[in-house]
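User: Hi! I am new to protein structures and would like to learn how to read one. Could you walk me through it?

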Amino acid sequence: MKTATFVLSATVAIALCSGAAAQEAAKPAPALSLELNGAQPSDKGCRLTFVVTNDLGAALSKAAFEIALFNEAGVVERLTVLDFKDLPAGKTKVTRFDLAGTDCTKVGRVLVNAATECAGSGIEPTACMRGLKTSTRAGIAFGV
């Protein structure tokens, strides 16, 4: 009888541990999703529209990225910093940046070079780049 009780207890313990491990594995990794949503000519030059979702698990008080703009030939035309300001945890935000003197039709690729600022309570400075996931809907290559 003791053997049966032990086997049953061990089976229940294994099932509970397996369930907890599966639940932990099912949690999505912390991420900061950055989508290049559009590129339209503006009075100043080129307006880039981004959709950003902060799923890092904590609010960012400041998030800024250095980006490189490449022309159609693959040559870097410009380096600039885009400041997304504060990004509340679990929130999606749309932000636009007007890049003076830039012709949208000549932009062939946008590269996130580095996070120049990544700050928030409980956030490591490297979290923004480590958790960065990029996508595009603008017809322009976009990534890290």
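Analyst: Happy to; we will go through a sheet, a core and some ring pairs. Keep in mind that this is a predicted model.

User: Now the core. Which residues touch the most other members of the largest nonpolar core?

Analyst: Here is the general idea: nonpolar side chains tend to be buried together in soluble globular proteins. In this model, the largest nonpolar core has 30 residues, and Phe 50, Leu 60 and Phe 84 touch the most other members. Strand 3 gives the most to this core, five residues.

User: Is Phe 50 buried or exposed?

Analyst: Buried, because its relative accessibility is 1% and the cut-off for buried is under 20%.

User: And how many aromatic pairs are there?

Analyst: The count is five. In one of them, the ring centres of Phe 50 and Phe 97 are 6.0 Å apart with planes at 70°, so this pair is edge-to-face. Phe 50 belongs to strand 2 and Phe 97 to strand 5, so the pair ties together parts 47 residues apart in sequence. Ring pairs also link Phe 50, Phe 65, Phe 84, Phe 97 and Phe 142 into a cluster.

How values were computed: Residues numbered from 1 in each chain as written. Predicted model: local features only at pLDDT ≥ 70, side-chain atom pairs only at ≥ 80, totals over all residues. Heavy atoms only, no water. Core = buried A, V, L, I, M, F, W, Y, C linked by side-chain atoms within 4.5 Å. Buried < 20%, exposed > 50% of the residue type's maximum accessible area, 1.4 Å probe, protein only. Helix = DSSP H or I, 4+ residues; strand = E, 2+ residues; numbered from the N terminus. Phe/Tyr/Trp six-rings, centres within 6.5 Å; stacked < 30°, edge-to-face > 60°.
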